[in-house]
Amino acid sequence: MAAIRSQTRLLHPLPPLSLSHSFSSSPEIPSVSGDANDSLVSTAVSILRSQRCRSRWNFLKSILPSSGISPSESSAIILHLRNNPRLALRFFLWSRDHSLCNHNLTSYFTIIHILARSRLRSAALSLLRAAIRSHLNTPPSSLLQTLALTYRPCDSAPFVFDLLIQAYLHSHNLDPALSVLRSLRSRGIRPLTSTANSLLRATANLRGSAAALNLYRDLVESFRPNPQTFNTLLLALYRDGRAESNGEILVEMDRFGCDPNAFTYSIQMAGCSDVTEARRLWEEMGERGIKPDTTAYNTLIKGYCEAGKVGKGEELYREMVMEGLRTTGTTLELLIKGHCRAGNVEAAMLVYEDMRRKGIVPEAEIVDEMLVEMCEKGMVEEGLGVLRGEMGREGVVLGNRRRSYEVVIMGLCGAGRMEEASKLQAEMAGRGLEPDARVYEAFICGYEKAGEFEMADKLRKEMVQMQLGEDGN
């Protein structure tokens with residue numbers, strides 16, 4: 001991190017006057033309303049302002065040419081409505097959705113600027129994404145140039161350029177977003193902290209922690225980092241198995257005067273090699289007056305359960321409830337897995353029943369892990385009850401329950417309850433879930449133990465034919 005230098009002041013974009021001047025004009029990009037029919041525009045604006053909501057659209061459509069209106073005329077109407085941005089937005093969407101205007105980038109960006117100047121960020125971002133989709137072959141530099149050249153006539157807000165970056169990121173287009181960032185920075189326009197954080201997060205997700213760190217080093221003089229910035233980098237390191245590099249990020253965090261929060265500690269605890277180290281961080285968090293949240297509790301509970309100290313995990317869970325924190329499915333699933341791995345299936349069942357009472361649906365693999373332990377301990381009847389309860393849930397995904405059926409069928413076969421196993425397998429097949437080799441082997445072993453060797457041989461041949469068919473496919 002030697003290349004990372006301190007930044008201690010909040011940087012702002014250049015004043016609006018210089019934005020359009022920093023881009024060269026292009027003959028391919030018309031003025032916002034250059035060739036508009038003034039009479040048509042004036043009439044349309046009058047109708048939109050004076051007519052009641054239900055009648056204005058039909059009346060407006062009746063006075064428009066059969067060919068509709070041009071993008072310049074649309075832009076001119078929108079500019080006249082700039083003090084009523086919601087009406088301007090309704091007009092734009094109406095003209096687009098009724099094919100009354102073949103909108104180009106200029107008309108798109110006119111309404112986007114009007115929305116931005118009124119701080120209607122979500123609507124502006126949504127239209128930016130639509131503009132990008134409708135102009136897929138237009139390079140980012142051209143979109144940025146048009147956005148800049150329409151900026152001053154619309155009296156827009158500087159964050160509109162950040163929204164262009166965000167629009168590309170929302171569409172999972174990292175390279176165009178980075179291209180826009182470079183163009184803006186070359187003209188002295190700096191990103192908002194939220195935009196920089198989004199870029200770092202997208203880079204980490206798509207290209208890993210090393211790329212995210214390189215981007216941070218490049219950006220550090222252009223924005224003011226906050227705790228979310230450093231948490232993004234810590235999480236990237238954790239996901240890449242590079243938690244040993246956390247110290248470099250923490251030094252940067254201290255340099256910028258950013259205090260860690262509960263999530264900062266959760267990420268660090270998740271990357272600890274043993275639960276003792278995680279507990280030390282937990283106590284440090286308390287010493288600094290940081291109140292642990294649900295994620296922090298879940299992280300330490302997971303550490304204790306994986307270390308075989310489920311009792312400690314239960315203690316934390318009770319403390320969590322006493323603190324009034326929301327219990328999540330993750331919390332209870334961690335305890336179920338911990339109890340199962342410790343061989344205490346009865347305790348796992350108690351947590352599972354608690355989940356059901358709370359209306360929390362466990363993941364299929366959690367149920368399967370519990371069923372395996374139950375069947376291995378001879379609790380096949382109880383396991384069958386759990387399976388019935390899970391299959392009775394509304395919205396159950398059948399494909400996720402194949403393993404649950406298989407586990408209980410194998411448990412029934414192991415207990416010599418072959419008739420019940422056959423009925424359950426028929427139910428499984430009726431749901432479109434075909435048995436695999438493990439189910440065949442369970443039936444074969446069960447029939448052999450019962451002395452029904454003819455049935456066992458028949459199933460063995462059927463299993464071979466099934467495997468040959470799979471190999472042929």
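The model is predicted. An unreviewed UniProt entry marks several spans as PPR repeats, the largest pocket holds about 430 Å³ of space, and the count of disulfides is zero.

- Residues 293–327 are 74% helix and 0% strand, with 11 Å between the end C-alpha atoms.
- Residues 401–435 are 74% helix and 0% strand, and here the end C-alpha atoms are 12 Å apart.

**Largest pocket**

- The lining of the largest pocket is made up of 21 residues, and Y238, A270, N298, T299 and K302 are the ones nearest its centre.
- At least two lining residues come from each of helix 13 (227–239), helix 15 (262–270), helix 16 (275–287), helix 17 (294–306) and helix 19 (329–341).
- Helix 17 contributes the most to this lining, with six residues.
- By residue type, the lining has 11 nonpolar, seven polar and three charged residues.

**Cysteines**

- A disulfide is a covalent bond between the sulfur atoms of two cysteines.
- To count here, two cysteine sulfur atoms must lie within 2.5 Å.
- C154 is too far from its closest cysteine sulfur for a bond, because that sulfur, in C101, is 15 Å away.
- C154 is buried, with a relative accessible area of 0%.
- C272 is also too far for a bond, because the closest cysteine sulfur, in C305, is 16 Å from its own.
- C272 is buried, with a relative accessible area of 16%.

Methods: Residues numbered from 1 in each chain as written. Predicted model: local features only at pLDDT ≥ 70, side-chain atom pairs only at ≥ 80, totals over all residues. Heavy atoms only, no water. Buried < 20%, exposed > 50% of the residue type's maximum accessible area, 1.4 Å probe, protein only. UniProt positions renumbered as here; feature names shortened; annotations may be inferred. Helix = DSSP H or I, 4+ residues; strand = E, 2+ residues; numbered from the N terminus. 1 Å grid on protein atoms, 1.4 Å probe; cavity = no way out; pocket = protein on both sides within 12 Å on 5 of 7 lines; lining within 4 Å. Points joined across faces, edges and corners; volume = space filled by probe spheres on them. Nonpolar A, V, L, I, M, F, W, Y, C, P; charged D, E, K, R; others polar.
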